[in-house]
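Open the model in your viewer and keep the sequence panel beside it. The tour goes from one selection to the next.

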Amino acid sequence: MKTITLDVRTPADSMAEFTLAWKTGKSQKSARISFAKPELLWRVLTAKRWELLKILCGAGPVSIREAARRVGRDVKAVHGDVTALLNAGILDRSENGRIVFPYEAVKVEFLLHAA
């Protein structure tokens, strides 16, 4: 199953993992997108966008209009959400311009520390 992990970690931790992969030639087993703070993760991954990802998961390439129809929302609002998810690297565009979520599962990881 092709999974993407969305997590919260410092840029230094992300860079250290990248450097290790570069030096060893061993890539991660799954795709990963990291956010520096939980607030950034939640700014990108809103409830409406999560709903959108759920309907796109395993659906293959679809038009924004079709995605809007599936979630029961207006096209303009879905277009804004799609743009944010494209900018974050979570969604892709197919060769014919449709949007695609190329994963079958999403894993979200973050740790809440005591103040």
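Angles between axes are sorted into classes: under 35 degrees counts as roughly parallel, over 145 as roughly antiparallel, 65 to 115 as roughly perpendicular, and the rest as oblique. This is a predicted model, in which local features need pLDDT of at least 70 and side-chain atom pairs count only at pLDDT 80 or more, while totals for chains, interfaces and linings use all residues. Residues are numbered from 1 along each chain as its sequence is written, and side-chain values use heavy atoms, with hydrogens and water left out.

**Stop 1: helices 3 and 5**

Select residues 47-56, helix 3, and residues 75-87, helix 5. Helices here are DSSP runs of H or I with at least four residues, strands are runs of E with at least two, and both are numbered from the N terminus. The two axes come within 10 Å and cross at roughly 85 degrees; axes are lines fitted to C-alpha atoms, for helices over the stretch in contact, and angles run from 0 to 180 degrees between N-to-C directions. Helix 3 and helix 5 are therefore roughly perpendicular to each other.

Now show side chains. On helix 3, Lys-48, Arg-49, Leu-52 and Leu-53 meet residues of helix 5, including Val-78, Asp-81 and Leu-85. Contact means heavy atoms within 4.5 Å.

**Stop 2: helices 4 and 5**

From helix 4, Ile-64, Arg-65, Ala-67, Ala-68 and Val-71 make the contact, and from helix 5, Val-75, Val-78, His-79 and Val-82.

Which residues does Val-78 touch, leaving aside its neighbours within four places in sequence? They are Leu-52, Ile-64, Ala-67, Ala-68, Val-71 and Arg-73.

**Stop 3: the core**

The largest nonpolar core has 23 residues, and Leu-6, Leu-52, Leu-56, Val-78, Ile-90 and Phe-101 have the most contacts inside it. Such a core is a set of buried Ala, Val, Leu, Ile, Met, Phe, Trp, Tyr and Cys residues joined through side-chain atoms within 4.5 Å; buried means under 20% relative accessible area, with a 1.4 Å probe and protein chains only. Helix 4 gives the most, with four residues.

**Stop 4**

Select the three strands, which form an open parallel sheet in the order 2-1-5. Two strands pair if DSSP finds at least two bridges between them. Strand 2 (31-35) and strand 5 (105-109) are the edges. Strand 1, residues 3-8, pairs with strand 2 over five bridges. Finish at Asp-7, which stands opposite Ser-34 in strand 2.

Methods. Buried means under 20% relative accessible area, exposed over 50%, partly exposed in between (1.4 Å probe, protein chains only).
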